[in-house]
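Biologist: I would like to learn how to read a few local features in a model. Could we take them one at a time?

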Amino acid sequence: MRVVVLAGGIGGARFLRGLKKAAPDADITVVGNTGDDIHLFGLKVCPDLDTVMYTLGGGINEEQGWGRADETFQVKSELAAYGVGPEWFGLGDRDFATHIVRTQMLGAGYPLSAVTEALCDRWKPGVRLLPMSDDRVETHVAAEVDGERKAIHFQEYWVRLRASVDAQAVVPVGADQAKPAPGVLEAIADADVVLFPPSNPVVSIGTILAVPGIREAIADAGVPVVGLSPIVGDAPVRGMADKVLAAVGVEATAAAVAKHYGPGLLDGWLVDTVDEGAVAEVEAAGIRCRAVPLMMTDVEATAAMAGEALRLAEEVRG
């Protein structure tokens, strides 16, 4: 079975760990969001790609869900002593090594997809990890900051401001000119099922779908496309997805997110059991829907979620 998964950071990575357990023989291709990528200290940082790589490769800080385990922050402290920032983004010493290697390879002319493959040679995540594009895409957020309307990098909005102000618009800068990375469209065309994990529907999966050709390839693939709601009980399971959903005019409910993707893209949608009342609304929109436990409390629970997604895909396939 060939499975394509569109993934953001923590939620996508943890879902993938469960999917690997639920379908150990599956050939899994992950299309990772690169809209969160940022240049810091002269280095190219790819938070979502690295979170998937570290999580599946056994190097993640399990408590945080991001960054390296057993991390130290001496380099960051020394940079701060020189007055070099930003101090709000926590790059650890082990993590710095990844970004140094990536930046050196990019500087030598290798595309991001080739660099990601080389980095995965060390971590062996057990999936094929592809960036959504080799081209530069950065998600920016328009918000009122210090009394002035500004467009700021998503990382500044999410990490420094912690989404404490309302997002007025979310723009994947450069996405309209980007091309899918090598292998992305081919993987979708060859897939038996496409899954949307409970990643942020606006700044993770939404950014991937903003790259011309990806949404169209998924819609035209002729295979089941099943998503899992990141909203449980009218609130994000993790993070502040409600802030960016509001910016694109979508309510923070499981049914609203399903309709945001739409029946032209989604064939099936899983909601948590607490949102069982949303099933009829989603099905009325033309999307097959089931209510199952969706809290990723451990790998076993996550594997059960992934299994339910694959079963719904088979049901849709008929």
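This is a predicted model: local features need pLDDT of at least 70, side-chain atom pairs count only at pLDDT 80 or more; totals for chains, interfaces and linings use all residues.

Biologist: What span should helix 13 have, and how far apart are its end C-alpha atoms?
Modeller: Helices (H or I, at least four residues) and strands (E, at least two) are DSSP runs, numbered from the N terminus. The expected span of a helix is 1.5 Å times one less than its number of residues. Helix 13 covers residues 299-317, so its 19 residues should span 27 Å, and its end C-alpha atoms are 27 Å apart, in agreement.

Biologist: Which residue caps the N-terminal end of helix 13, and what comes just after the helix?
Modeller: Asp 298 is the cap, with a side-chain oxygen 3.2 Å from the backbone nitrogen of Glu 300. Just after helix 13, Gly 318 has a positive phi of about 75°.

Biologist: Which residues of helix 13 are buried, and what do they pack against?
Modeller: Buried means under 20% relative accessible area, exposed over 50%, and partly exposed in between (1.4 Å probe, protein chains only). The buried residues of helix 13 include Met 305, Leu 310 and Leu 312. Contact means heavy atoms within 4.5 Å. The buried residues of helix 13 pack against elements including helix 1 (10-22) and strand 9 (193-196).

Biologist: How many residues are in the largest nonpolar core?
Modeller: In soluble globular proteins, nonpolar side chains tend to be buried together. A nonpolar core is a set of buried Ala, Val, Leu, Ile, Met, Phe, Trp, Tyr and Cys residues joined through side-chain atoms within 4.5 Å. Here the largest has 59 residues, and Leu 6, Phe 196, Ile 218 and Trp 269 have the most contacts inside it. Its largest share, six residues, comes from helix 11 (residues 254-261). A second, separate core of 39 residues includes Val 30 and Leu 270.

Biologist: Where is Lys 124, and is it buried or exposed?
Modeller: Lys 124 is in the loop between helix 5 (112-123) and strand 5 (128-131). Its phi is positive, about 50°, although Lys 124 is not a glycine. Lys 124 is exposed, with a relative accessible area of 62%.

Biologist: Which residues does a cis peptide bond join?
Modeller: Gly 85 and Pro 86, with omega about 10°. Pro 86 sits in the loop between helix 3 (74-81) and helix 4 (93-107).

Technical notes. Residues are numbered from 1 along each chain as its sequence is written. Side-chain values use heavy atoms; hydrogens and water are left out. A polar contact is a pair of N or O atoms within 3.5 Å; within protein, one must be able to donate a hydrogen and the other to accept it, and residues adjacent in sequence count only if both atoms are side-chain atoms.
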